[in-house]
Amino acid sequence: MANITKKVSWSSRGDEPAPAGEGTPLLNGAGGAARSYSRQVTAGDVDSTGSQPFFFIFFPLEIPHNEKLLSLKYESLDYDNSENQLFLEEERRMSYMGFRCLEISRWVVCALIGILTGLIACFIDIVVENLAGLKYKVIKENIEKFTEAGGLSISLILWAFLNSVIVMMGAIIVAFFEPIAAGSGIPQIKCYLNGVKIPRVVRLKTLVVKVCGVICSVAGGLAVGKEGPMIHSGAVVAAGVSQGRSTSLKKDFKIFEYFRRDTEKRDFVSAGAAAGVSAAFGAPVGGVLFSLEEGASFWNQMLTWRIFFASMISTFTLNFFLSIYHNKTGELSNPGLINFGRFDSDVSSPAFLHLQGMCGLLGALFNVLNYWLTIFRIRYIHRPCLQVMEAMLVAAVTATVSFAMIYFSDDCQPLGEDQAENYPLQLFCADGEYNSMATAFFNTPERSVRSLFHNPPGSYNPPTLGVFTLTYFFLACWTYGLTVSAGVFIPSLLIGAAWGRLFGIMLAHITPYGSIWADPGKYALIGAAAQLGGIVRMTLSLTVILVEATGNVTYGFPIMLVLMTAKIVGDYFVEGLYDIHIKLQSVPFLHWEAPATSHALTAREVMSSPVTCFNRVEKVGTIVDVLSNTSTNHNGFPVVTRVMDDDEPGKICGLILRSQLIVLLKHKVFVERTRSRLNQRKLQLKDFRDAYPRFPPIQSIHVSQDERECMMDLTEFMNPTPYTVTQETSLPRVFKLFRALGLRHLVVVDSENRVVGLVTRKDLARYHLGKHGLEELQLAQT
Amino acid sequence: LLTFTGSSAMVSLHLVPRLIALLLLLPGRIRSSSPVFNSLLSDLQGDPELEERCRDLLRDFGRRYESYVKCAVPSARPVRICENCHIQFEMLRVVYNNISSDQSEGSGSNRSATFLLRADRLMLVYMLFQNLEDVWDVAHCSQCLSGDGLSNITLRYMAKLNQSLSCFESQKNNHSELCRVCRADYKDLNEFYSIMEKNQTLCIDIEDSMNATRRLWSKDFNCSFPREETVPVIAVSSFMLFLPIIFYLSSFLHSEQKKRRLIHPKRAKSNNSLMNIQDKHS
């Protein structure tokens, strides 16, 4: 180990001002106390794990969790292909037919992704419908009984109890078995498409927990939707199907072996996310655009058509199987989990534009409140049992508030033959009437949205809507971020639809020609779009999703205007909800562009340095020592001509990854062994793929004392042409290269091609434009 | 209350002027249109015998149509159309079926069916009957009828309705007393109605009468359930709302705050240090 990790003494910049742009100080993690220290020679992804006594002495700093951190547990995906000799060999061996088959199997995989995603959506829909139906039936009967006999507080307790129990089951599986399945999953998928490997995010177990969790949380009456989790589910399905095996179940179907690497997997995951959107909203084009908008960092144009194929298949599958379930085979009327119903195309009203003032504000308020709540949750409610308790409490309070609202509402409406109240509650209304507050609260959120869109004018009184909006706003805000798997789309739509409808009713009251603006359902739609846009801040894809969900292109224009305004107004105050959550999870997320004022920063300041390098022919003992050094959990190692004993860096001739080294060690590809045993099978690319994606840890590989003295020839396996930049390259340039090519390591070289540093994702993601100019995020262990 | 009246009443109201107009257009006038035009054409148009048969059928249709409309219009409010007019409608349907299934003598374009129903763009006979049939369908009259009379279940409903109404009648001076005395009858009626609703044996007559009764009960006599448990509901609710406050406070006070250990990045950050490298190399 001694010959690899060296101590180098750097003089610090001390009293010199930082060279960062516009004279703004770079917040240098540790603060002034630790300006002068000796450094460990390191390289690669700065993925340190385990205890680090060295740094502990100098930086005993522990701070409460906040948004300005980068976690060490996230790594990059290896999107960039390693064109080593094995790869070239395999390419030579592959016939023309082989490539054609590969192309065809890509389509087959996409079709499978579509079908499976559609089936999962179908399953969730049916189970939720039945479970919620059962629950509401029980409560309704109970309420009816006690309305007559007295003792309605017992119904209240029953409702709260049922909700809590169902939610408890959902929260327990999430909190104890797979915490990554919490929330909508969209932030995680966004990160994955961005190129960050979130641990366990695309495992089969996550899918199972996600599906069960979302069923529990929706049936448990929380203010949540099942659309966001659908996107995550689609992504997991894609990651699983494309690999042709399940590592969790230890089952290998021996198919699609070529796709076992990050590049292909990520492409399929984007198809899966698109299929998920498409199944959730019945919006295939919106799904493609979602993947494009969220994952556009390194987009393969050839992929678009395949992704669209997967999306179409997914929505069709859902539609087809739901039509069978509803005994209307062939009548394809349920393209998505949420069905907005049909709107007529009369969009004459100019008053839509009035709505825009409000739309961003409410969304921003939602995000700010949720931001503070999430910080509190991360800091104080981090134990699983507390998280389960919190979820149960929210469920109970949701039931209580709903009940109180219904109880004290005086808004009675006549039952209609054609209205869609599934569980009309009469309570204190006259016989033959129902409580209109109950249509909003005593129902699954999807149905409430639909009744707000489509119930004829006069179905809701303005005070009902006002109170409902207010309550639901706080409930939804409180609910998002709980340890249950649930999405935020539907609650946002519901809040927006309620105040949009309220606005429509008001407008009809105050204007002389109320009849033109009579249909409050349209205002509900526009309000829903505005609220959703104000919360999630998606632009193009959200417009298309909503237009597709309404099934009417005429609404495209008002929806687009409203979403634009919502984004502009909202961005003035705070970021979108998903971005907030990504930040709070300390993910090294690369945005579309480098921060605007960062041109003065050069690669020299950004890079990690010095770098752990290997020789072309390296001693096994050295490699094992470097790999098993817990304090420097690096992933990429430049291969240089010769590591000098002094500090002089060697000339670069390649880049090798930790995973490759581990496979080499496992197969004992040592120079001595190849010489002695000529008949030994030559290592192929397949051996690397078989180990993917869970490469064994270095500790599990046994290397004897004799073997430590052997040599290993890396020439054949390293990527001989890694991307390099010179030290003077500006940050935005590095950033563009990184983002456009999906790199994981970028070697910084001097004028003589000698390795001086290595840029990784975390080095770039730590710069961001804050209120006081360019700021730097700190690295932390989470 | 008002179950189904919304839509159904609209349909019937919408149709009433048309029905009245039809009344005025009835049979006697069929032949009295423009004489010059008429006689020549009908003489030239083939088989006089068939012609006569058709005329008979048409006359018959007119008479029955008249009697049905005469029955239906007065039964519009309160709606008793199924109960009062099902016989007339049945007769009308028989004659229409006769027309449309008339197979006798000749085939193709010579049949009465074609001659009366489909010979022109207007297809008046067809349209007239179709309108009435639509009304009949919208009213769901067939659901209350069985054989040639009201179905058993409808009759039972009527009996229960009369029982309730007579109870209302007897107690109408004292509303609180009425609520108490008639509750059993009314509840019985209401439950029976709900069963019928589930079995889809409702027609507009029953819906309308039930609506009226419910309106009497809830609005006029004010016998709905009072909201009298406000205190317990508020108590339970506030207890529930109190729980999260305790939860958050206690986790704030007792739970250990999650701290993150900062790790210092390893990089040559300043120009200064880089200059060191360069110095070394030079």
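Q: Which residues of α14(A) meet which residues of α16(A)?

A: Contact means heavy atoms within 4.5 Å. In this predicted model, α14(A) contributes Pro445(A), Glu446(A), Ser448(A), Val449(A), Ser451(A), Leu452(A), Phe453(A) and His454(A), and these meet Ile490(A), Leu493(A), Leu494(A), Ala497(A), Ala498(A) and Arg501(A) of α16(A). By class, this contact has nine nonpolar, three polar and two charged residues. Ala, Val, Leu, Ile, Met, Phe, Trp, Tyr, Cys and Pro count as nonpolar, Asp, Glu, Lys and Arg as charged, and the others, Gly among them, as polar. An α-helix has 3.6 residues a turn, so residues three or four places apart point the same way.

Q: What conventions apply to the numbering and the values?

A: Residues are numbered from 1 along each chain as its sequence is written, and chains are lettered from A and ligands numbered from 1 in the order in which they are written. Local features need pLDDT of at least 70, side-chain atom pairs count only at pLDDT 80 or more, and totals for chains, interfaces and linings use all residues, while side-chain values use heavy atoms, with hydrogens and water left out.

Q: How is the arrangement of α14(A) and α16(A) described?

A: Helices (H or I, at least four residues) and strands (E, at least two) are DSSP runs, numbered from the N terminus. Axes are lines fitted to C-alpha atoms, for helices over the stretch in contact, and angles run from 0 to 180 degrees between N-to-C directions. Angles under 35 degrees count as roughly parallel, over 145 as roughly antiparallel, 65 to 115 as roughly perpendicular and the rest as oblique. The axes of α14(A) (residues 445-454) and α16(A) (residues 489-510) come within 9 Å and cross at roughly 25 degrees; the two helices are therefore roughly parallel to each other. A crossing is left-handed if the near helix is turned anticlockwise from the far one by less than a right angle, and right-handed if clockwise. α14(A) passes α16(A) in a left-handed crossing.

Q: Is the crossing of α4(A) and α12(A) left-handed or right-handed?

A: The crossing of α4(A) and α12(A) is right-handed. The axes of α4(A) (residues 152-177) and α12(A) come within 8 Å and cross at roughly 150 degrees, so the pair is roughly antiparallel. Their contact divides into 21 nonpolar, six polar and no charged residues.

Q: At what angle do α4(B) and α6(B) pack?

A: α4(B) (residues 81-100) and α6(B) (residues 124-138) pack at an angle of about 150 degrees, with their axes 11 Å apart. They are therefore roughly antiparallel to each other, and α4(B) passes α6(B) in a left-handed crossing. The residues of this contact divide into twelve nonpolar, one polar and two charged.

Q: Does Glu390(A) count as buried or exposed?

A: Buried means under 20% relative accessible area, exposed over 50%, partly exposed in between (1.4 Å probe, protein chains only). At 2% relative accessibility, Glu390(A) counts as buried. Glu390(A) lies in α12(A) (residues 384-408). Leaving aside neighbours within four places in sequence, Glu390(A) is in contact with Arg377(A), Ile381(A), Trp478(A), Leu482(A), Phe247(B) and Tyr248(B).

Q: How many residues of α18(A) are buried, and what covers them?

A: Nine of the eleven residues of α18(A) (residues 540-550) are buried, and the helix is mostly covered. Among the buried residues are Leu542(A), Val544(A) and Leu546(A). What covers them includes α8 (262-281), α9 (284-295), α16, α17 (520-536) and α19 (556-573) of chain A. Gly551(A) follows α18(A) and has a positive phi, near 70 degrees.

Q: What span does α9(B) reach?

A: The expected span of a helix is 1.5 Å times one less than its number of residues. α9(B) (residues 204-220) has 17 residues and reaches 22 Å from its first C-alpha to its last, close to the 24 Å expected. Twelve of the 17 residues are buried, so α9(B) is largely enclosed by the rest of the structure. Just after α9(B), Asn222(B) takes a positive phi of about 60 degrees.

Q: What percentage of each chain counts as buried?

A: Of the 782 residues of chain A, 63% count as buried; of the 282 residues of chain B, 40% do. Chain A has 28 helices and 21 strands, and chain B has eleven helices and three strands.
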